[in-house]
Amino acid sequence: MLTQRQLFLQHNAQTSPEPLMLEFVRAKGVYIYDSSDKKHLDLIAGIGVSNVGHCHPAVVEAIKAQAETYMHLMVYGEYVQTPQVNFAKALADILPKNLSCTYFLNSGTEAVEGAMKLAKRYTGRKGFIACKNAYHGSTQGAESLMESDFYSSGYGPFLPNVSFIQHNNLVDLEKITDEIAAVFIEPIQGEAGIRVADLEYMQALRAKCTATKTLLIFDEIQSGFGRSGKMFAFEHYDVVPDVLLLAKGIGGGMPIGAFISSLEIMSVLSHSPILGHMTTFGGHPVCCAAGLATLRTLVDNKIVDQVEEKGQLFKTLLKHPAIKEIRGKGLMLAVEFENFDINKKIIDACILDGVLSDWFLHCSNSMRIAPPLIITKQEIEEACEIILKNINLVSG
């Protein structure tokens with residue numbers, strides 16, 4: 001009889017030569033339990049997915065209720081389905097007026113792809129600008145918005161007419177002209193190692209896009225739904241995008257993404273030709289029900305109001321000569337070490353001690369800290385104690 005690990009290696013497509021091979025059997029709140037029932041404090045929340053924790057009762061109940069009512073009925077956009085309508089209306093209620101129309105999809109990458117098509121169709125332009133060291137997804141279009149050759153090597157050629165600017169560089173904004181359909185940017189860069197944009201930069205970016213009639217598209221796939229200490233990271237800047245991209249944390253653990261804009265802009269997908277963008281399972285009723293339950297949980301329990309204080313507690317407690325810097329907002333943090341080798345040894349040691357973390361695609365010398373937003377102060381203290389213990393062991 002083959003073990004689950006052996007079956008995993010034989011029948012599940014691999015994404016790296018050396019997967020972690022951690023075998024987990026259940027999860028609850030901020031903990032994931034392995035096959036020996038050892039609990040692990042989850043400091044990455046599935047890469048910013050489980051914002052309200054694993055298997056939150058309200059989310060589980062919404063999933064059960066909707067699954068018993070109906071699941072897939074028809075491709076997205078043709079039938080009036082209550083879970084889709086209610087979730088879209090709830091999002092519109094907490095967003096600025098120009099972000100009132102939502103197109104639901106299956107993932108963040110699909111949200112990027114849909115927004116790329118939307119920008120071309122609405123503006124009639126072909127060019128895009130994105131930031132160096134950004135991460136927008138792994139499909140051909142989304143990966144065209146990523147300047148790094150390391151993760152795209154062997155998979156090109158990608159889309160033409162894409163140029164890149166340095167995140168937080170005011171001079172680079174001159175590259176935005178009336179030939180550009182859209183600028184894609186993460187207000188807080190995730191895989192670059194949590195790089196937070198300056199207020200002056202974001203306001204100048206908004207002004208430049210307005211002046212050139214270029215759509216400003218905020219990728220908040222990681223930073224959205226409370227992770228930065230506000231419901232959406234753009235709220236830190238008094239700036240509103242033309243299109244907002246969401247995924248990861250919005251589904252409470254279920255697969256769902258969205259691109260959101262005004263009714264005027266989104267209407268171009270419906271004609272000349274019709275069905276300008278299509279998806280079979282996007283806006284799945286069960287996922288939308290889970291999303292609405294997640295949103296209500298965040299709002300009703302004022303969870304986002306506590307995020308900044310919790311993030312600050314991590315920064316206060318994680319003091320050590322081996323830590324070069326801690327960057328981020330709220331519970332979207334990067335702890336930087338001298339190099340990848342040190343960082344990896346610390347992360348591996350923490351995993352053995354029951355604390356889960358990882359590093360960033362474009363910043364391998366930094367440890368990711370992005371736990372479920374429901375993490376308590378006591379759990380933060382316990383996590384930091386284990387991290388510091390292992391920094392000492394590794395650094396001597």
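Before we start clicking, one term: a salt bridge is a side-chain nitrogen of Lys or Arg within 4 Å of a carboxyl oxygen of Asp or Glu. You're looking at a predicted model, where local features need pLDDT of at least 70 and side-chain atom pairs count only at pLDDT 80 or more, while totals for chains, interfaces and linings use all residues. Residues are numbered from 1 along each chain as its sequence is written, and side-chain values use heavy atoms, with hydrogens and water left out.

Stop 1: Select Lys89 and Asp93: they form a salt bridge, with the closest N and O atoms 2.7 Å apart. Both sit in helix α4, four residues apart, about one turn of the helix. (Helices, H or I of at least four residues, and strands, E of at least two, are DSSP runs numbered from the N terminus.) Is Asp93 buried or exposed? Asp93 counts as exposed at 52% relative accessibility, while Lys89 is partly exposed at 48%. The cut-offs are under 20% relative accessible area for buried, over 50% for exposed, and partly exposed in between, using a 1.4 Å probe and protein chains only.

**Stop 2: the sheet.** Now colour the seven strands of the open, mixed sheet, in the order β4-β12-β11-β10-β7-β5-β6. At its edges are β4 (101-105) and β6 (162-165), each pairing on one side only. Two strands pair if DSSP finds at least two bridges between them. Zoom in on β5 (residues 127-131) and β7 (residues 180-185), which run parallel and share three bridges; Phe128 has Ala182 in β7 as its bridge partner.

**Stop 3: a hairpin.** Strands β13 and β14 make a hairpin with two residues between them, and Gly330 in the turn has a positive phi of about 60°. The two strands are antiparallel, joined by five bridges, and Glu325 stands opposite Glu336.

**Stop 4: a link across the sequence.** Next, pick Glu309 and Lys377, another salt bridge, at 2.6 Å between the closest N and O atoms. Glu309 is in helix α10 (residues 307-317) and Lys377 in helix α12 (residues 377-395), so this pair ties together parts 68 residues apart in sequence. Both ends are partly exposed: Glu309 at 47% and Lys377 at 43%. Finish with Glu191, Asp358 and Arg368, which salt bridges with shared partners join into one network. How many salt bridges turn up in a search of the whole structure? The count is 14.
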